[in-house]
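Subject: Structure for your review

Dear colleague,

I am handing over the structure that follows, together with a summary of what was found in it. Please read the summary with the structure open beside it.

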Amino acid sequence: MRLALLFTIAALLPAQEARLNALLKDILIFDAHIDTPRYFLDEGYKLNERHTYYELDLPRLKEGRVGAVLFGIYAQPQDFQPFEWMPRSLEVLDALHEEVKRNAGQMEFAYTSGDVTRIHKAGKVAALASLEGGHLFGDSERILRDFYRLGVRYVTLAHFRNSVYADSMTDERKHGGLSPKGRDLVKEMNRMGMMVDVSHISDEAVLDAIRTSASPVIASHSSVKAIAPIPRNMPDEVIRAVASKGGVICINFHAGYLNEAAYNVYIKNRPQRDAEIKAVGKDWEKVRRIQRRYYDLMPPVNVKELLRHIDHIAKLVGPDHVGLGSDFDGISGMAPRGMEDVSKYPVLVKGLMDMGYNDGDIRKIMGGNLVRVMRENERRAGQ
Ligand SMILES: [Zn+2]
């Protein structure tokens, strides 16, 4: 009996492996939020070189079969003077364009959903850009249109603090959702064909954005509150609202956002950690060492917990409304074990297979849903 069972498993394994390999051959893996570009500017980080630190470079993108990345551009108000916010964003965006150009054989800048699929089919990585917070474009719709021309394809309506457009979920209630200016911005973004990102903003603001937007919205890097009840995560009723208008919630990989116990340790240590980081200034290697030390203090969170967040949304509202928004290179190295960097995405493909997802649904979750929402935003532009 036991022998017969062993034979069954042995017979199944090659089939599973063949299925995984077939999927990985042409699946479009598309991450909605990765923060690497500032390293190009601040540290001369080169995409074509393989690194033992940070979470993204070309060799690891290839290994992870990644087809497209929406790179995040941000400047936290506490780190820069107000007059620096916009030039800083433009400089980081320029650094991204230059780095893509330098690696033209392996990467290409994508401006449309059609570009994303064409570049992926050509065996290259499609690079796109996004902005986190209206302060980066001086709260000016005209300047935002300029950013659109430079390739920015979504804007997060606020960051960790309230913006003139929306309440942040990590700040005090001020507008009670979106401000009138915020609603105007959403409509203007719809006209441009630029996606509205509802990560970071308060639940009321998300619901307001969904009511206002003619096009589906994205949550570019948000996880599930029902699993990890922490401020940055999204409750089920808001997830349902995003899905009801055809949107997609892209799961944030931050170990502290996936697991409440890890979050509690992270939050308790954060003031001390930030003070230590501030004290070493721009000595990036020392900064990384401090981050690593505090990472090790958190209870271990593994890739299975990340899969649970994906599964929760797929079960709640269907597999058409969940995607990936790792926040790699924006989470200070606090990735789950087994998902340390962009080379590990095939682990998620296999994990979803093991959980019983069919190939079509795996393709949607790993990137197809994000392309669909992008296409829908383009289709409605100018209306
Ligand atoms: Zn963020």
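The notes below go from the domains to the helix packing, the core and individual residues.

Please bear in mind throughout that this is a predicted model.

Domains

The domain assignment divides the protein into domain 1, made of 27-259 + 303-380, and domain 2, which covers 265-300. Their C-alpha centres are 24 Å apart. Where the two domains meet, domain 1 contributes 8 residues and domain 2 contributes 8 residues. On the side of domain 1 that touches domain 2, 3 residues are nonpolar, 3 are polar and 2 are charged.

Asp-283 sits in the loop between helix 11 (260-280) and helix 12 (284-297). Asp-283 counts as exposed because 12 other C-beta atoms lie within 10 Å, and a residue with 12 or fewer falls in that class. Along the chain, Asp-283 and Glu-43 are 240 residues apart, yet their C-alpha atoms are separated by 9.8 Å.

Packing of helices 14 and 15

Two packed helices are described by the angle between their axes and the distance between the axes. For helix 14 (residues 345-354) and helix 15 (residues 359-380), the angle is about 145° and the axes are 10 Å apart. The crossing of helix 14 past helix 15 is right-handed. Helix 14 makes this contact through Leu-348, Val-349, Leu-352 and Met-353, and helix 15 through Ile-362, Ile-365 and Met-366. In terms of residue class, the contact comprises 7 nonpolar residues, with no polar and no charged ones.

In soluble globular proteins, nonpolar side chains tend to be buried together. In this model the largest nonpolar core contains 110 residues, and Ala-127, Leu-157, Ala-209 and Val-242 have the most contacts inside it. The greatest contribution to this core comes from helix 15, with 7 residues.

Ala-209 illustrates the contacts. Setting aside residues up to four places away in sequence, Ala-209 touches Leu-157, Leu-178, Val-186, Val-196, Val-198 and Val-217.

Just after helix 9 comes Gly-246, with a positive phi of about 85°.

Ile-251 lies in strand 8. Ile-251 is buried, because 30 other C-beta atoms lie within 10 Å. Apart from its neighbours within four places in sequence, Ile-251 is in contact with Ser-223, Leu-306, His-309, Ile-310, Val-322, Leu-324 and Gly-325. Leu-47, which is 204 residues from Ile-251 in sequence, is 24 Å from Ile-251 in space, C-alpha to C-alpha.

Backbone features

Most residues other than glycine have a negative phi, and most peptide bonds are trans.

His-200, which is not a glycine, has a positive phi of about 75°. The loop that holds His-200 runs between strand 6 (195-197) and helix 8 (203-212). Is His-200 buried or exposed? His-200 counts as buried, because it has 27 C-beta neighbours inside 10 Å, and the threshold for a buried residue is 20 or more.

Ser-332, also a residue other than glycine, has a positive phi near 50°. Ser-332 is placed in the loop between strand 9 (322-324) and helix 14. With 21 C-beta neighbours inside 10 Å, Ser-332 counts as buried.

Lys-25 is part of helix 1 (residues 2-26). Lys-25 is exposed, since 8 other C-beta atoms lie within 10 Å.

With kind regards

Notes:
Residues are numbered from 1 along each chain as its sequence is written. This is a predicted model: local features need pLDDT of at least 70, side-chain atom pairs count only at pLDDT 80 or more; totals for chains, interfaces and linings use all residues. Domain bounds come from an automatic or database domain assignment. Two residues are in contact if their C-beta atoms, placed from the backbone, lie within 7 Å. Ala, Val, Leu, Ile, Met, Phe, Trp, Tyr, Cys and Pro count as nonpolar, Asp, Glu, Lys and Arg as charged, and the others, Gly among them, as polar. Axes are lines fitted to C-alpha atoms, for helices over the stretch in contact, and angles run from 0 to 180 degrees between N-to-C directions. Helices (H or I, at least four residues) and strands (E, at least two) are DSSP runs, numbered from the N terminus. A crossing is left-handed if the near helix is turned anticlockwise from the far one by less than a right angle, and right-handed if clockwise. A nonpolar core is a set of buried Ala, Val, Leu, Ile, Met, Phe, Trp, Tyr and Cys residues joined through C-beta atoms within 7 Å.
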